[in-house]
Each structure stands twice: as structure tokens, then as C-alpha cells.
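Here are my notes on the model you sent over. Have it open beside you while you read, and go through the points in order.

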Amino acid sequence: MGRDYHFHCEHAGCSVTAEVYLGGTREVDLLVDGKEVAVDRVHDHHAQVRSLTTVLPTDPPCPIEVQVSLPGRITGEPTSVLLQDDVRLQMTERVPLHRSRPTEVSWYG
């Protein structure tokens, strides 16, 4: 059974999200302002860093790179960092709605 992670940050007035799916085939999706701009599929389960690049729709356009550290098969959690020239932003993990647990009231109500 796979698990998914969502990392997010705001940069240059744009919303940047990295979605990581850990399962049989691991997948990293990069979204800018909610639109998918890059995808990387990984077929092995070794610890590694994957990089996705795009250009933010700013004036002037701003090229960025998002590095996602994938864990090995047994242990670890992924992390994500946004890089742009000398800027290095750690992207924070967000809990997606479908992964959150129901509250006690909705569970028993």
C-alpha cells in the first residue's frame, strides 16, 4: 500500500506544490498555482534525490528547481526543497484532505 505526501511553499507570488506518491511505482508531481507542470516516475525503491524544474509565470519569468529526497524501501520520510539562484526554501508538508482522520463527532455521529 502506498502513501502520499504534499509539500508546499509560496515563492515569487506563486503557489508551488510537490506531491509525492510512494507505492509500487513512486511518482513526484510538481504543481504551480494548482497546475501540473512536471512529473517524474521512479521504478526502484532506493533512497535518492529527484529534481524537477520549471519556470514560474512571473514578470520576468523565474526558473526554479524542486528537489525531492525519496526514502529507501524500509524507513524514512520524503522531504522537499525549492531552489532558485541563491534561494533555498524548505517546503513544508501539508496533510491532504483525503488523508486527514474524521473528528470524533463525525466518527460517532
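1. Leu82 sits in strand β7 (residues 79-84); strands here are DSSP runs of E, at least two residues long, and helices are runs of H or I of at least four, both numbered from the N terminus. Leu82 has 0% relative accessibility, so it counts as buried. The cut-offs are under 20% relative accessible area for buried, over 50% for exposed and partly exposed in between, with a 1.4 Å probe and protein chains only. Setting aside neighbours within four places in sequence, Leu82 is in contact with Cys9, His11, Val16, Ile64, Glu65, Val66, Val87, Arg88, Leu89 and Met91. Contact means heavy atoms within 4.5 Å. The C-alpha atoms of Leu82 and His11 are 8.8 Å apart, although 71 residues separate the two along the chain.

2. Before you go further, keep in mind that this is a predicted model: local features need pLDDT of at least 70, side-chain atom pairs count only at pLDDT 80 or more, and totals for chains, interfaces and linings use all residues. Residues are numbered from 1 along each chain as its sequence is written, and side-chain values use heavy atoms, with hydrogens and water left out.

3. On the overall layout, the protein has one helix and nine strands, and the order along the sequence is β-β-β-β-β-β-β-β-β-α. Of its 109 residues, 40% are buried. Take the contacts between residues at least 6 apart in sequence: 36% of them join residues at least 24 apart.

4. Cys9, one of the partners of Leu82, lies in strand β1. With 9% relative accessibility, Cys9 counts as buried too. Not counting residues up to four places away in sequence, Cys9 touches Cys14, Ser15, Val16, Leu82, Leu89 and Met91. Its C-alpha atom is 9.3 Å from that of Val81, which is 72 residues away along the chain.

5. Now the pairing at the start of the chain. Strand β1 (residues 3-11) and β2 run antiparallel, joined by nine bridges; two strands pair if DSSP finds at least two bridges between them. Within this pair, Glu10 stands opposite Ser15. On its other pairing, β2 meets strand β3 (residues 26-32) over six bridges, again antiparallel, with Thr17 opposite Leu31. β2 and β3 form a hairpin with three residues between the strands. Is β2 enclosed or open? Eight of the nine residues of β2 (residues 14-22) are buried, so this strand is largely enclosed by the rest of the structure.

6. Please look at the backbone angles in the loops. Ala12 is found in the loop between β1 and β2, a hairpin with two residues between the strands, and has a positive phi of about 55° although it is not a glycine. Ala12 counts as partly exposed because its relative accessibility is 45%. Asp85, in the loop between β7 and β8 (87-90), is another non-glycine residue with positive phi, near 55°. Its 73% relative accessibility makes Asp85 exposed. In the loop between β5 and β6, Asp59 and Pro60 are joined by a cis peptide bond with omega about 5°.

7. Which residues touch the most other members of the largest nonpolar core? They are Val16, Val66 and Met91, out of 22 residues in that core. A nonpolar core here is a set of buried Ala, Val, Leu, Ile, Met, Phe, Trp, Tyr and Cys residues joined through side-chain atoms within 4.5 Å. The elements giving two or more residues to this core are β1, β2, β3, β4 (35-42), β5 (48-56) and β6 (62-70). Outside four places in sequence, the contacts of Met91 include Phe7, Cys9, Val16, Val66 and Leu82. In soluble globular proteins, nonpolar side chains tend to be buried together.
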